[in-house]
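Dear colleague,

Please find the structure below, together with its sequence.

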Amino acid sequence: RAEAVERVGRFLAVRGDGASPAEVLDERSDRWLAGSVDEVAARIEELRAIGVTRVCLQHLNHDDDDMVELIGGGLLAAVAA
């Protein structure tokens, strides 16, 4: 959770948005796939269970190469079927 809040904070800073990262994460949790790898994988599995076959993983902080690695190395392995 702390890492997700920190990443949202960096995203908001890039946009020049002074909102609380924790509040943004909480209020958008029903629309965003955000959280730990396990949390996001669980949410994707919930979506799969109701018939969703594709999701769009968009990360808008283009300086955060670690997130791309986390998605490609951790998340995709967790949801591969």
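Glutamate 6 is partly exposed, at a relative accessible area of 39%; buried here means under 20% relative accessible area, exposed over 50%, and partly exposed in between (1.4 Å probe, protein chains only). This is a predicted model, in which local features need pLDDT of at least 70 and side-chain atom pairs count only at pLDDT 80 or more, while totals for chains, interfaces and linings use all residues. Residues are numbered from 1 along each chain as its sequence is written, and side-chain values use heavy atoms, with hydrogens and water left out.

Glutamate 6 pairs with arginine 10 in a salt bridge, with the closest N and O atoms 2.7 Å apart; the term requires a side-chain nitrogen of Lys or Arg within 4 Å of a carboxyl oxygen of Asp or Glu. Both residues lie in helix α1, four residues apart; helices (H or I, at least four residues) are DSSP runs, numbered from the N terminus. Arginine 10 is likewise partly exposed, at 31%.

In helix α3 (residues 37-49), glutamate 46 and arginine 43 are three residues apart and form a salt bridge at 3.4 Å, N to O. Arginine 48 and glutamate 45 form another, at 3.7 Å, and are about one helical turn apart because three residues separate them in helix α3. Salt bridges with shared partners also join Glu3, Glu6, Arg7, Arg10 and Asp64 into one network. The count of salt bridges comes to nine.

Alanine 19 sits in the loop between α1 (2-15) and α2 (21-27). Beyond its neighbours within four places in sequence, alanine 19 contacts Leu12 and Val24 (heavy atoms within 4.5 Å).

With kind regards

Conventions. Helix = DSSP H or I, 4+ residues; strand = E, 2+ residues; numbered from the N terminus.
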